[in-house]
Amino acid sequence: MPDSSIRPLCHLRDSNRGLVLCMVGLPARGKTYIAKKINRYLCWLGYKCRLFNVGNYRRQRAGATVGAEFFDPDNREATELRNQCAVDALNDLISWLNQGDGQAAIYDATNTTVERRRMVAEELKKNTQIGELIWIESICTDGEIIETNIRETKLFSPDYQNKSTDYAIADFRARIENYSRSYEPLQDDELGQDESYVKLIDAGKKVISCGINGYLPGRIVFFLMHLRVNHPNPIFISRHGESEYNVLEKVGGDSALSPLGEQYARTLAQFFREHPEIKNLKDTKVQVWCSTLQRTLQTAGEVVEANRDTYDKIVAWRALCEIDAGVCDGLTYPEIKLKDSEGFDARQSDKLRYRYPQGESYMDVIERIEPIIFELERVRTPVLVVGHQAVLRCLIGYFLDYPLKDIPHLEVALHTVIKLTPRAYGCHVEHYELLEDPHAPKKKARAAANSVSPPSQSVPITLQVPSPSSSAVSTGTIRIRSTCLSRYPNDGSGNDSNSIINNINNKE
């Protein structure tokens, strides 16, 4: 089992020194959104990364209620204060990297002038712990995108809490105008040694890179190529319905749905037929993704068959298959403990990094589902992901920015839909409990011990759902919890997942 103190390899030009990413661009270009996404992505992969937002330093020193005049370049007193905030944030970044644990740091500021960028670069190069500097400039000339960014982003900004919408929009436009007066776009001849840049144009429609070299910088560029700024399409996440192995409390396998699981699949199909956000879609279809295991294919298949006008064909990903339990596949947890008590205890002490013999760890699963994250960031239509507990924990951990150590303990209940709507400063989360999870008491006891589930309130609503015994319709109650956070094995059954996919997709 890997030691928890082992750091992931940065693959920089000098991997003993840290990587610094510095944002560049006018307000309302998605800089903070991009910076937060990069920070979340790197932390999720296991890198020691931290975000330093100059706006937070400014709010601490000058308050969050300063108007557009504070950003006027002719306002000398305010300019001096803003410059000092930029220096304070930079000094904290350098200090953190010099402590030795940091591998990457993100400097989130406008950095709109050559003078400011040279100051940042010179201060960083004075420190031997800084290995490489990448500038990330967000450029936008599309008026519609800018207007959307203003409305979608700044209405959630801490600068405009308790302010009217009209005031927030007018003041922020004035702030942009003040910054525009001194803005100098990044140029190739500015780059010094060990400097490079990435430019995102019009919210990711075009990406330009210069001087990028090394594994981690290249990986970040590839991530940015998939990123779409302020396209808050919902992502619906659900575990498959209860399976035969769930009933027997066995790990892994490729068992079919239980009768209760089949009922959930029908209920899920009705839920999406009645969901107002889906019903109002025009000229687009919801994408449906699942694993290649039959319990997810059966669950997703019910949704597609019942909503063919709205839902696209199923896309089955091997990457979405449940964590590989290796030699423990098909066993119950008491049987696993009896067979390998030492391994069982090791898993209890470090569930994140424990790797099943001949199987996977949670860190392996995170590495495996990275392409899923890229696609979810890229796609511009609603997506339904029907998956398995460990895999969905890793997906939710990414979007809600949970610490790695908490991911293996996140609650992902059976028969519940989790709706994620990305926002500029966080992620809006809703839980729809369609049916009661028969295994919930045991899970709640474990979750309470780990204390990682977000606080939320439950609100009951009524929905027409199909009866499990007939095609008749019965009235059921769904409980909604709403929260906003910034935060392949086969059991020998002989079922061929490819034939199941073809039968579902081709059935008329």
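Predicted model: local features only at pLDDT ≥ 70, side-chain atom pairs only at ≥ 80, totals over all residues.
Reader: What is the mean pLDDT of the protein, and where is the pLDDT below 50?

Author: The mean pLDDT is 84, and 82% of the residues reach 70 or more. Over residues 454-476 the pLDDT is below 50, although this stretch has 52 contacts in the model beyond near neighbours in sequence. Residues 484-508 also have pLDDT below 50, with 57 contacts counted in that way.

Reader: Why is Ser-255 called buried?

Author: Its relative accessibility is 2%, and buried means under 20%, so Ser-255 counts as buried. Ser-255 lies in the loop between α8 (244-248) and α9 (259-274).

Reader: How do you know that the length of helix α6 agrees with its number of residues?

Author: Helix α6 covers residues 165-180, which is 16 residues, and at 1.5 Å a residue these should span 22 Å; the end C-alpha atoms are 22 Å apart, so the two values agree. The buried residues of α6 are Ala-168, Ile-169, Asp-171, Phe-172, Arg-175, Ile-176, Asn-178 and Tyr-179.

Reader: Which residues of helix α2 are buried, and what covers them?

Author: In α2 (residues 54-62), Val-54, Gly-55, Tyr-57, Arg-58 and Arg-59 are buried, and what covers them includes β2 (49-53), α3 (76-98), β3 (104-108) and α6. At the start of α2, the backbone nitrogen of Gly-55 has a side-chain oxygen of Asn-53 within 2.9 Å. Just after the helix, Gly-63 has a positive phi of about 90°.

Reader: What describes the packing of helix α1 against helix α16?

Author: Two packed helices are described by the distance between their axes and the angle between them. For α1 (residues 31-45) and α16 (residues 389-399), the axes come within 9 Å and cross at roughly 145°. On the α1 side the contact is made by Lys-37, Arg-40, Tyr-41 and Trp-44, and on the α16 side by Cys-394, Gly-397, Tyr-398 and Phe-399. By class, this contact has five nonpolar, one polar and two charged residues.

Reader: Are Asn-162 and His-415 buried or exposed, and what is phi in each?

Author: Phi of Asn-162 is near 65°, a positive value in a residue other than glycine, and the residue is found in the loop between α5 (143-154) and α6. Since exposed means over 50%, the relative accessible area of 83% makes Asn-162 exposed. Phi of His-415 is likewise near 65° and positive, again in a residue other than glycine, and His-415 lies in the loop between α16 and β11 (416-423). At 0% relative accessibility, however, His-415 counts as buried, because that value is under the 20% cut-off.

Reader: Why is Asn-111 called buried, and which residues is it in contact with?

Author: Asn-111, found in the loop between β3 and α4 (114-125), has a relative accessible area of 0%, and this is under 20%, so Asn-111 is buried. Leaving aside neighbours within four places in sequence, Asn-111 is in contact with Cys-22, Met-23, Val-24, Arg-116, Arg-117, Val-120 and Trp-135.

Note on methods:
Residues numbered from 1 in each chain as written. Heavy atoms only, no water. Helix = DSSP H or I, 4+ residues; strand = E, 2+ residues; numbered from the N terminus. Buried < 20%, exposed > 50% of the residue type's maximum accessible area, 1.4 Å probe, protein only. Axes fitted to C-alpha atoms, helices over the stretch in contact; angles between N-to-C directions. Contact = heavy atoms within 4.5 Å. Nonpolar A, V, L, I, M, F, W, Y, C, P; charged D, E, K, R; others polar. Expected span 1.5 Å × (residues − 1). pLDDT = per-residue confidence, 0-100. Polar contact = N/O pair within 3.5 Å; in protein donor to acceptor, adjacent residues only side chain to side chain.
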